[in-house]
Amino acid sequence: MEFIASILMSGISLGGQYALIAIGYTMVYGILRLINFAHGDVFMVAGMVLIYMVASVPWYISIPLAIIATILLGFVIERAAYLPLRSAPRMSVMISAIGVSYLLQNLMTYITAGQPMYYPDIPFLSDTVPVFGTETQWAKLITPVIVIVLIVALTQLINHTKIGMAMRAVSKDFETSRLMGIKINKVISVTFIIGSALAAVGSVLYFTNFSVIVPTSGALPGLRAFVAAVFGGIGSVPGAVVGAFVIGICESIIRGTSFATFSDAFTFALLIIILVVKPTGLFGEKITDKV
Amino acid sequence: MSTGKNILHVENVTMQIGGVVAVDNLTLDVNEGEIVALIGPNGAGKTTAFNAITGVYEPTNGAIDFLGKRMIENHPQGKMTKIYAGENNGVYKNTIVKTPDKITKLGIARTFQNIRLFKGMTVFENVLIAKHLHQTGNLLSATFRLNNKEEQQMRRETLELLEMQGLAHLKDELATSLPYGQQRRLEIARALATKPKLLLLDEPAAGMNPQETQELTAFIRQLRDEYDQTILVIEHHMDLIMDISDRIYVIDFGKLIATGDPAQIQADPKVIRAYLGGDDDAEN
Amino acid sequence: MVNQKKNIKGTLISILCILVFMAAVAVLENLNLWVPASSLPKWLKPTSMLFTVLKKGAVYSLIAVSLNLLNGFTGLFSLGHAGFMLLGAYTYAILCTPSSVKDTVYYKYNGSSVNFSMQEFYQSFLGNETLSMILGVVTTMILAGLVAALFAFLIGLPVLRLKSDYLAIATLGFAEIVRALFQWEAPFWGRITNGANMIKGFPKFSDFNIENADGKVVFYMSTLFPFIVAAVCIAVMVLIIKSTYGRAFRAIRDDEIAAEAMGINLAKHKMMSFCTSAFFAGIGGVLYAMYSTTVQAKPFTSALTYELLLIVVIGGIGSVSGSCISSFLFVACSEWWLRFLDKETVIGGFKVPLLRDGFRMVVFSVVIMIIVLFFRKGIMGDKELPEVAGKIKNRIFRNGKKSKGEAEK
């Protein structure tokens, strides 16, 4: 019982962390039809920035600063690497995203001199608390709460503000929205800003579970979050959240068995099955080609 | 000229996309050696009918026979059983579905309303591609050039077609660098290269100037008179249609409203109403 | 036809260029046998980075061209190449590691279940050791390609129906699954794959050097060998691209709907291209294993595929010679020419800022980003070397220089 409780709990918190990353993927895909391969690395950079910040300023200042820095990074990436390719074929944009990912990883390797960086103990978040007879970190406990709060806020933003309406319009029809006078670039920037901010929050919660980060630490959680986004139906925010919780719980169940090596393989197998059976995911919309 | 032998028989075809019935219970026949026109106001469902014939879409209900053999048959399935709004529900029991390439192999070739040439290829290669379906080699024999004879034959025939279309001198140009009118002709040449028994032309004169349209009219007639090519054509150019068609089908809102020879159609009050109430017929 | 004659002439010239280039490689490599070591410049010594770059460049050329066949010529955006390479590399390592070595390599599993090697199999009835090794390696290469192609077929059945970016992510997932599978530590499986541990002891490039009875090298082949294999494979791929099937692939790339309307069976042709590409990636995996002398699942990550994809992009999507040239440039820059960026340098008492470990890769990735963003066509665009050379010739009347890389057409 305790075992099951602890697995479920870590699964839910993992799912929440993936959800925060997955939203970034799904929103960008919804608007630009781009798999932002660099998103996982943005997530990693957020963790690195926090490490460097904590070394000089207290954590309650450094966390907001790290989030702001990540937002800035996401914004700059979009402006520098995706904006010039707005009219290029989709493959070019995807390759540019891969290039950005390559650059961020190499840049972080250079800055950290190839050394694994120790993730700081953040007071409160890293402290342990007994639940159902097992010890667990506060970070795990509060993750679902933070995720729910952020997602409610995000849905409010998307459904009830002007910029949210613009986002929905752009994701429905890019060209028409442009003709209707929506400032496409502004909408896209806001999307990246939201995605990066959520990824930064996710990074604080996620990396608290680990003692060190290396420049490739973002790649796998990024991919898993992406799978979650596809699972839920890419382009749909609630879909990404549901998908992320499913992936997170599955992953922690498998990690508890003797097939731990296959936890990522399982995630990807799930991805392939979903793509084959229902390419649009759980909540995705069908798009048909016009002949 | 027409021998009267039936080539294409479209029977009670209904295409329902979501809640919209794009083609409603359409029945249509094309006989050997004929030029048959399918006309109607914009959005009447003409291209959708083409897409059903060429296998791009599966019809929701109905059947299509080609050369006396059943080629396509379908009936409402899944969600469609509940929301199906067409006629003849329950008449068709089988599901026969073919992909577009199979249908092209059977002998139906088409052109597209919005020109779809292969962008990265030359004029020559664009036509040569259409010869691929008749080649008998496999990947290995083609790789090691064991099929050289066949390849040479394909190239010769391609050149002949280009000469016939008056495009031979442009054969090494990129297809997309041609002017609009010539791109349309190239598309027709490409469709002819598959050696079709039935050629479907989707608005072949769209975007052409009057002189080009005249040339095209002459060319389509030449195809029928000299090469015995059977043609089904969609077009908005009434001059062209009235000039070359043996028979005309008029559809509006997916439904067949009139059929007959050009003179009958011109006099039909239903057709006049559909056009006056609908779209301008002389938009091109 | 005139066109035909021109084609034949072009083909002959290209073959000649490749032969001349390979002869040059052979001469460079063997210079140290004929010329006293003291008179050789540093970059021609057998230990020079030049030969590492040439070897790795040849290996990468083959793999990059196979990726280009898929991404550039068929328009299928696949990110599963690391997986196919891994399958090829493991097939080779399992079948070509001599059984005597296997006991020590597989010590964790008390020996291997595959208790033979291809070389030993041939030697049992041929006798000749060198011949058996060559036959064994070549047979295994083809087998490795077939294994990769078989897996491509199996994964292709479900995923090739997917559209561009979904296909990319599904194939990426496939590669990760394969990688996890080859790190599995189960006892019965470990006796085949050696779990997450490395396999070594199989023939590598240096085993192809020709030695005399005393074991002294009389002719170096270690750089030439990957060139021969890569050239043969790339030549076959060029033949495919130029064949009627290659045209069908390009038609699919340009417009799927029109291609289908022209009677091209999409599923069949996509599968063909996918399996062919995987076949050559498998052979590329064998060469990669020979180059790195050990095989382990760890390096076959998606990062490897990304690297190859970037090579293809830099060379020009849809250009075979572009992929080859960019492979050599990519390898040379990342392994050799930009090395100085990694060293702390002091010029005239002034320490050059920024230069230290890792800076090379930063500069390198910035350069790649610049190419991706501002020179989207890459080095060659979708043109081939003879075409470009012809244009240059027309411009300055004389064929200036023969560029390196395998020229085709």
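How many residues of domain 1 of chain B are in contact with domain 2 of chain B? The structure is a predicted model, in which local features need pLDDT of at least 70 and side-chain atom pairs count only at pLDDT 80 or more, whereas totals for chains, interfaces and linings use all residues. Residues are numbered from 1 along each chain as its sequence is written, and chains are lettered from A and ligands numbered from 1 in the order in which they are written.

Eight residues of domain 1 of chain B are in contact with eight residues of domain 2 of chain B, contact being defined by C-beta atoms, placed from the backbone, within 7 Å. Domain 1 of chain B comprises 1–107 + 197–284 and domain 2 comprises 116–195, with bounds from an automatic or database domain assignment. Their centres, taken over C-alpha atoms, are 27 Å apart.

Between chains, 36 residues of chain A are in contact with 35 residues of chain C. On chain A, the elements giving two or more residues to this side are α4 (90–111), α9 (219–232) and α11 (263–277); helices here are DSSP runs (H or I, at least four residues), numbered from the N terminus. The largest share, 15 residues, comes from α4(A).

Helix α2 (residues 39–54) of chain A packs with α4(A) at an angle of about 20°, the axes lying 9 Å apart; axes are lines fitted to C-alpha atoms over the stretch in contact, and angles run from 0 to 180 degrees between N-to-C directions. The two helices, α2(A) and α4(A), are therefore roughly parallel (angles under 35 degrees).

Note on methods
Two residues are in contact if their C-beta atoms, placed from the backbone, lie within 7 Å. Angles under 35 degrees count as roughly parallel, over 145 as roughly antiparallel, 65 to 115 as roughly perpendicular and the rest as oblique.
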